[in-house]
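Here are a few notes to read alongside the structure. Keep the picture open and take the points one at a time.

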Amino acid sequence: MQLRLNDLGVAGLAAVTLSVEPGECVSIEGPSGSGKTSLLRAVADLDPHGGEIYLNGDACSAMPGPDWRRRVALLPAEVVWWRDTAREHFKDPAALPTAALQLDAAVLEQPVGELSTGQRQRLALLRLVQHEPAVLLLDEPTAALDEANTARVEAFVQAYREQHAAPVVWISHDREQLCRVASRHYALNDGALEPLSGRPGP
Amino acid sequence: MTVHALSHWDLMAAGLLIILLGATSIWLELGLQRQLFVAALRTAGQLLLVGFVLSALFATTNPLWVVLVGTLMLLIAAREVVHRQTSRLAYKPTFATAFVALLLSCASVLVLTLLVFIGNQPWYAPRYAIPIFGMLLGNAMTGVALALNTLMQNVLTRTREIEQRLMLGESRQLAVVDIQRASIRNAMIPTINAMATAGVVSLPGMMTGQILAGTPPLEAVKYQILIMFTITASTGFAIMLALRVSTRALFDERQRLRMDRLHRDART
């Protein structure tokens, strides 16, 4: 799958043109309020936007919104759980690869409010991939995690990306992490998305 | 059997009670007297006016007059739904939504009631049609106002939940189904409670009126049961219709939640 943003128009940003190849991970950094989250929300077609987005040549506007969002899955910085336990948010809770993210299956049964932020964040990643989306848009996916669990999430995303040839867009403030997970790097500066040559420098 | 006619003196004597209450309010410095007198005058004025309108209306059998008065009632009811929105935000077509929902639900239940359940001749006789439509409309109006209020307040406080569900690829309908259900339940409680306590806690007004007018209690009770069933049905369907329409108005053609389409202060 290839994700292509063609003159994507987002409020406050210059038109964005960007291709993410199958199995490629692209990082986007930028100060708070620079529009990183707005950009991802537009790619997931959650906000009105100009231009066009293509998934393997299929235009976003040519398919219903929910279909697009099932294929182009956004993990927001703050995830929401609307039922009492995590289990109720999953179609097939028994088949979840909880071990890959060092999660005890018992956490599925506990009230979501009693789980740690880190547990919720890892569960959110499992919830994100349960319908096997073609593209992952990750907004600070490891913000609440310790080093060991951050490494597990990075490995999990990498495995998913390779197995499904899925383009990944990864937003983070952690430059070292972006160097580890992504092969191409961009920064949002003054409303423009600009490529960073090689390593995103400090 | 006919009702014992009230004279003007009887009404004025009853009005003394309001004056007595107002005097007490002045004496105790409750500050209620002004509102009290204005409301009492409005009651007298509005009801006398309605009395004249109904007298004129009942004298005709032209269905066009019934339709005209019914439309006027619908417009006032839809406007009242808009006025009862207390949420900080409301979506724009509240009036149109309420009007359509009340029209479809109450008018069809009314026609069914007149044609099938009561079967009077002619079925559109204003003596039956107008009071029954008023009762259906009054209750459905309260239900729709409550439902839209609950919906809007929930959409405001649970915006992130709705968006999260959209992000996971759910349809707009699925993303708000919990909120819709809560809104329906909340809005139906008064109507269901009224059915559950009818005759035990309170004697319904229509039945009381019929009994005062000389109808045998068992006949009056039968009418009351019929009315309560039809009120509940028309209220429930009006609520569901209004929620369906208003939910759609919250989303755009891409099934995105468009809070920017809501506007501040529903009372415009």
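This is a predicted model: local features need pLDDT of at least 70, side-chain atom pairs count only at pLDDT 80 or more; totals for chains, interfaces and linings use all residues.

1. Chain A has five helices and ten strands.

2. How compact is chain A? Its radius of gyration is 17 Å, close to the 17 Å that the globule rule gives for 202 residues, so chain A is as compact as a globular protein of that length. Along the principal axes, the C-alpha atoms of chain A fill a box of roughly 45 × 40 × 30 Å.

3. Now please turn to chain B. Chain B is divided into domain 1, which covers 1–59, and domain 2, which covers 62–264. The contact between them takes six residues from domain 1 of chain B and nine residues from domain 2 of chain B. As for their spacing, the C-alpha centres of these two domains of chain B lie 29 Å apart.

4. What kind of surface do the two domains of chain B share? Together, domain 1 and domain 2 of chain B bury about 600 Å², with 82% of that area on carbon and sulfur atoms. The side of domain 1 of chain B that touches domain 2 of chain B has five nonpolar residues, one polar residue and no charged residues.

5. How many salt bridges cross the interface of domain 1 and domain 2 of chain B? The rule finds zero. It also finds zero residue pairs in polar contact across this interface of chain B, where both residues must be at pLDDT 80 or more to count.

Key
Residues are numbered from 1 along each chain as its sequence is written. Chains are lettered from A and ligands numbered from 1 in the order in which they are written. Side-chain values use heavy atoms; hydrogens and water are left out. Domain bounds come from an automatic or database domain assignment. Contact means heavy atoms within 4.5 Å. Buried area is the accessible area (1.4 Å probe) that two parts lose on being put together, summed over both. A salt bridge is a side-chain nitrogen of Lys or Arg within 4 Å of a carboxyl oxygen of Asp or Glu. A polar contact is a pair of N or O atoms within 3.5 Å; within protein, one must be able to donate a hydrogen and the other to accept it, and residues adjacent in sequence count only if both atoms are side-chain atoms. Ala, Val, Leu, Ile, Met, Phe, Trp, Tyr, Cys and Pro count as nonpolar, Asp, Glu, Lys and Arg as charged, and the others, Gly among them, as polar. Helices (H or I, at least four residues) and strands (E, at least two) are DSSP runs, numbered from the N terminus. The radius of gyration is taken over C-alpha atoms; the globule rule is 2.2 Å times the number of residues to the power 0.38.
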